[in-house]
Structures are given as C-alpha cells and as structure tokens.
Amino acid sequence: MKSSAANTTALVGILALLLPALGFGQATKLKKLPTLTTIRQVRALSPQQAQAGYPVRVRAVVTFYHVAAQPDQVAAAAALSSNMFIQDRTGGNWVGPATGQAGLKVGDYIELQGVTAQSDFAPDIVKSHWRVLGSAPMPKPVRSEFGRLASTKEDSSWVELEGIVRSAQPVNGDLRLEIAMDGGRVVGYVPRFRLPIPSHLVDAEVRVRGVCGAAFSEKNQVRGINLFIPSLDNIRTITPGTANPFTIPVQSISSILRFGVAGAAGHRVRIQGIVSLQRSGQYAYIKGRDGSTRVESSQAIGLQVGDVVDVVGFPLIGEYAPILQQALFRVIGHTAPPLPQPVKIEQLADGKHEGDLVQIEAQLMDRMLTPNEQILITENHGAVMQSQLEDARAVGRLQSIQPGSGLRLVGICTTGRDYKG
C-alpha cells in the first residue's frame with residue numbers, strides 16, 4: 001500500500017529525530033576530523049583522540065617491515081610478530097601492516113593513508129594502504145643510552161646504541177639478540193635470518209642501529225625495550241667476542257666482579273669449580289677454592305654432584321654474591337662431593353654463606369608438599385628458615401614427618417631474593 005505525501009513527510013520527520021539517538025550524529029562528527037599529515041600530529045594525540053580514528057595521510061620512509069610467517073597464530077614470547085615502522089622529519093610511528101598489498105623494504109619512501117587507533121600505550125596507524133614513491137635515505141639515528149630508551153622518548157624512532165651481545169638465537173626463522181647496555185638490556189630482532197650466526201657475535205661489543213619499540217604488559221605498561229634491526233648490516237662490531245669462550249683466562253670466583261685494568265666488565269668470565277647442586281636447564285651452584293656462586297644456564301647438560309666443571313658466563317651483581325648468567329658448562333673431571341659446613345640458622349641471614357653447601361639443625365613448623373615442589377618451614381632459637389626440594393619421590397617420606405620433629409638439613413644457602421638481571 002502506498003503512503004500519502006503527508007505520511008511520508010511525517011516519516012521523514014521521525015527519522016530526523018531518531019538519527020542522533022542512533023549515533024549517526026557522531027558519525028557525521030567523525031567525518032569532520034582533520035586529516036593528520038605528520039607523525040608528530042599522530043604522536044600528540046591522547047588515547048581518547050587516537051581511538052576516535054583520525055584520518056592520516058603522511059609521506060615517510062620505511063624503517064622496518066616484517067610480516068610474520070604465521071600471523072594468525074599467537075606468537076611465542078620470544079618470537080618476532082608482524083611489525084611496520086615509518087618515520088618522517090617529525091618522528092616515527094608503528095603501522096599495522098596491511099594484508100593484500102605488495103610488501104615493502106627498508107628505505108622505501110611511501111605515501112601512507114590510514115586511521116589512528118590506541119591498541120597499546122601509544123597512538124598507532126591502522127587500516128593502512130600505501131603507494132611507493134621511490135626510495136629515501138634512512139633518518140639520522142639518535143644515539144641513545146638505556147635510560148632514554150626505557151623512558152619511551154625514542155619509541156618508534158630510528159636509534160643507535162652500543163652494548164655487549166649476551167645471546168644470539170634463531171627463533172622461528174628470525175634472529176633474536178640480547179644486548180646488555182649500561183643500566184639494562186635490550187632485545188633485538190633481525191627478521192628472516194638465514195645465515196649462520198657469526199661465531200664472534202656473542203660477547204662482542206657492538207654498535208647497532210634499529211627502531212626502538214616497547215614491550216608492554218596487558219595493562220599497557222612498559223616492561224622492556226625491543227630493537228627492530230632490519231639486517232645484520234645494521235650491526236657493527238667494535239670488539240669481537242671470542243669464538244671459543246673456553247680460551248678466556250680462568251678467574252677465581254671472588255674476583256669475577258672486581259674492576260679489571262683491561263676493562264672487561266660486562267664481558268664473559270671463566271671459572272672452574274665443583275658442582276654442589278644442579279637443576280638441569282636452569283641453574284647450578286659451583287664451589288671454588290675461594291667461594292661459591294650460582295650459575296644460570298639453559299644448556300641441557302646433566303651434571304652430577306662432584307663434577308669438576310669449566311664455566312663461562314656473564315657476571316651479575318647479586319644481592320649477596322656474584323652470579324653468572326647465560327653460562328656454558330663443560331665437565332673436565334670428577335672428585336669427592338663438597339662437604340657441608342655446619343652452621344646455625346641465625347648465621348645465614350647476613351649473606352656470608354650465600355651459595356655455600358651448609359648443614360643446620362632445626363625444628364619443623366609447617367610444610368607445603370606438591371609433586372613439583374616441597375617446602376619445609378623450620379625454626380631454631382627464634383630464627384625461621386624455608387627449605388625447598390624439587391623431588392616428587394620425597395613427598396611420601398616428608399608427609400610422615402610431623403610438625404615439632406627435629407631435623408638435620410643439608411642444602412645450598414640462598415639468602416638473596418632477586419636473581420633477575
């Protein structure tokens with residue numbers, strides 16, 4: 001049935017009243033947002049403004065471009081995901097790589113269109129499409145110290161830094177580097193790395209150029225710094241590492257963090273000693289003639305108590321004693337296991353026995369027993385201590401020991417609280 005002209009006029013009037021209520025008024029406002037033509041304008045947006053979807057049209061050079069081989073799968077924590085960065089004369093920004101377009105290479109000069117979004121702690125450009133205008137020189141890198149990188153002042157910018165490479169590992173076809181700087185560490189990624197890893201790269205002092213990016217938590221809080229490195233050509237070796245680290249001179253455990261005239265602070269050191277405890281793939285405790293130390297390593301090597309080992313690793317100042325990280329072991333002999341030193345609980349609190357194999361007598365107060373971890377809470381003369389065991393076979397025996405029982409415990413003393421460096 002056809003409507004009369006009057007009814008049609010009334011219907012149009014009703015629709016005019018409904019449109020604002022349905023949000024069409026807001027859509028009209030969004031269309032009136034100005035087009036942003038510089039990266040500085042994008043970076044200046046508040047989170048609420050970025051979420052409004054400002055249109056963007058900029059001309060910039062591509063500083064990093066990588067599309068992950070399996071972008072639809074959740075990447076492992078250590079893997080490189082899809083990332084694209086551009087930079088104009090006013091700054092740099094992350095861009096959501098668009099699908100269905102020809103890939104880009106570093107140095108391409110493009111005209112890019114998209115809209116703003118706030119997917120993490122800084123404004124992004126998404127729904128992007130581009131056309132290549134030619135090529136352009138890379139921006140002049142900003143020389144940065146760790147504190148400036150961690151402040152996010154250089155986020156998405158082309159930077160240059162110096163540090164010591166602590167590890168170099170292939171991950172999903174890309175190269176993952178850990179670079180130690182004064183004040184902290186940076187994780188570097190080189191995409192599509194198919195070459196053999198240079199033998200001199202680990203423990204090398206390097207000068208690196210790449211795009212600074214932040215690793216952030218679910219609450220959009222910065223928890224680390226990433227460096228997106230286009231290729232190995234962007235890594236210049238200042239001082240190469242030793243191809244065979246076991247040729248480094250052996251040092252005593254007590255001297256591994258002393259300042260050396262040769263200026264080797266931060267580089268790998270080499271020690272020798274006897275294994276007093278190991279958690280394979282995690283850490284071991286090594287006793288030398290002048291002390292003991294904790295050695296952290298992901299190396300899958302089965303060590304036995306009493307093994308004499310040669311160890312190389314990167315020193316870290318622990319709370320009470322130095323430790324070695326990212327270490328390598330090799331067994332060079334075997335001897336009698338170290339003997340525990342009898343001590344009292346109250347003697348352990350000052351850290352003088354950190355890493356030592358000790359023996360104490362105490363009374364059981366409480367226990368928490370699971371197949372993965374067994375914890376005993378003990379006390380002696382008002383001093384309380386927690387003992388930890390990781391042996392599912394011990395659960396039954398420990399369950400038979402009642403609170404109040406007197407115990408003699410032998411184990412490694414760990415007074416420190418934080419071994420993350």
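A: The side chains of Arg148 and Glu154 form a salt bridge, with N and O 2.3 Å apart; the term denotes a side-chain nitrogen of Lys or Arg within 4 Å of a carboxyl oxygen of Asp or Glu. The model is predicted, so local features need pLDDT of at least 70 and side-chain atom pairs pLDDT 80 or more, while totals for chains, interfaces and linings use all residues. Residues are numbered from 1 along each chain as its sequence is written, and side-chain values use heavy atoms, without hydrogens and water.

Q: Is Glu154 buried or exposed?

A: Glu154 is buried, at 5% relative accessibility, whereas Arg148 is partly exposed at 39%. Buried means under 20% relative accessible area, exposed over 50%, and partly exposed in between (1.4 Å probe, protein chains only).

Q: Which residues do salt bridges with shared partners join into one network?

A: That network consists of Arg143, Glu160, Glu162, Arg207 and Arg209. Within it, Glu162 and Arg143 have their closest N and O atoms 3.2 Å apart.

Q: How many salt bridges are there in the whole structure?

A: The search finds 17. One of them pairs Arg131 with Glu111 at 3.0 Å, N to O. Arg131 lies in strand E5 and Glu111 in strand E4, so the pair ties together parts 20 residues apart in sequence. Strands here are DSSP runs (E, at least two residues), numbered from the N terminus.

Q: Changing topic, which strands close into a barrel?

A: The order is E13-E14-E15-E17-E16, with mixed pairing; two strands pair if DSSP finds at least two bridges between them. Strands E16 and E17 run antiparallel, joined by 10 bridges.

Note on methods. Helix = DSSP H or I, 4+ residues; strand = E, 2+ residues; numbered from the N terminus.
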